[in-house]
Amino acid sequence: MKKILVVLGHPNNDSFCGELAARYADGARKAGADVQSLRLADLKFDPILHLGYKTIQELEPDLLRAQELITWAEHLVIVYPVWWGTMPALLKGFFDRALLPGFAFKYRENSPLWDKLLKGRSARIIVTSDAPAWYNFLINGNPSQKALKRTILEFCGFKPVRVTSIGSVKALGRDKITGWLETAEELGRKLI
């Protein structure tokens with residue numbers, strides 16, 4: 001039985017992203033996966049890394065639980081909207097606080113290289129945007145997706161990391177929204 005953690009990175013649980021996360025989880029459960037969910041809006045933690053990594057802040061119980069779930073999971077799904085070309089501050093703060101040195105990665109002594117401590121896990125990013133997906137790709141270069149995929153998840157050892165990009169969200173009619181929700185559920189059923 002595959003173990004999947006679905007993280008909703010939107011600060012509003014009652015959002016299109018919230019629906020996408022729920023449908024992915026439903027599809028994965030129907031396929032027989034063991035699914036856990038984290039809705040960041042429900043967690044109690046300070047998203048600000050006050051002293052950088054010079055001094056690690058004590059982790060709140062919700063972040064300790066999140067680390068347990070990340071360690072437990074074989075597949076991580078992150079659903080979030082693009083705001084100002086990047087991820088919401090809450091999601092960025094979650095990564096800053098939870099994916100710590102010694103947990104997610106470890107720099108080697110006297111070396112520019114590091115050990116990826118979360119190897120053996122795959123990930124799926126589902127990202128929404130008011131801008132058309134082609135615009136984010138051609139004009140902006142998908143900065144949010146690149147940062148999450150390459151400099152966060154792959155840096156920590158997740159591989160492969162797949163991306164589903166949903167653009168023009170403000171202009172989607174109900175039938176298109178339904179189609180995307182069905183796509184999210186199908187991705188869950190395929191356990192990818």
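Colleague: Does R189 count as buried, partly exposed or exposed, and at what relative accessibility?

Modeller: Please note at the outset that this is a predicted model. Burial is judged by relative accessible area, where buried means under 20% and exposed over 50%. R189 has 36% relative accessibility, so this residue counts as partly exposed.

Colleague: With which residue does the side chain of R189 meet in a salt bridge?

Modeller: The partner is E185, at 3.1 Å from N to O. Both residues belong to helix α6 (residues 174-189), where they are four residues apart, about one turn of the helix. E185 is buried, its relative accessible area being 8%. Salt bridges with shared partners also join R23, K30, E185, E186 and R189 into one network.

Colleague: How many salt bridges does a search of the whole structure find?

Modeller: The search finds eleven. One of them pairs R65 with E68, whose closest N and O atoms are 3.4 Å apart. These two residues are three residues apart in helix α2, and therefore separated by about one helical turn. R65 is partly exposed at 40%, and E68 is likewise partly exposed, at 47%.

Colleague: Why is the pair of F105 and F155 edge-to-face?

Modeller: The centres of the F105 and F155 rings are 5.1 Å apart and their planes stand at 70 degrees, so the pair is edge-to-face. Because F105 lies in strand β4 and F155 in helix α5, the pair ties together parts that are 50 residues apart in sequence. Both F105 and F155 are buried. Ring pairs link F105, Y107, W114 and F155 into a cluster.

Colleague: What span does helix α5 reach from its first C-alpha to its last?

Modeller: Helix α5 (residues 143-156) has 14 residues and reaches 18 Å, close to the 20 Å expected at 1.5 Å a residue. Its buried residues include L148, L153 and F155. Among the elements that cover the buried residues of α5 are α3 (89-98) and β6 (122-128). After α5 comes G157, which has a positive phi, near 115 degrees.

Colleague: Which residues touch the most other members of the largest nonpolar core?

Modeller: That core has 38 residues, and those touching the most other members are I78, F94, F95, L99, L148, L153 and F158. Another core, of 23 residues, lies apart from it and includes I4, V6, A21 and I166.

Key:
Residues numbered from 1 in each chain as written. Predicted model: local features only at pLDDT ≥ 70, side-chain atom pairs only at ≥ 80, totals over all residues. Heavy atoms only, no water. Expected span 1.5 Å × (residues − 1). Buried < 20%, exposed > 50% of the residue type's maximum accessible area, 1.4 Å probe, protein only. Contact = heavy atoms within 4.5 Å. Core = buried A, V, L, I, M, F, W, Y, C linked by side-chain atoms within 4.5 Å. Phe/Tyr/Trp six-rings, centres within 6.5 Å; stacked < 30°, edge-to-face > 60°. Salt bridge = Lys/Arg side-chain N within 4 Å of Asp/Glu carboxyl O.
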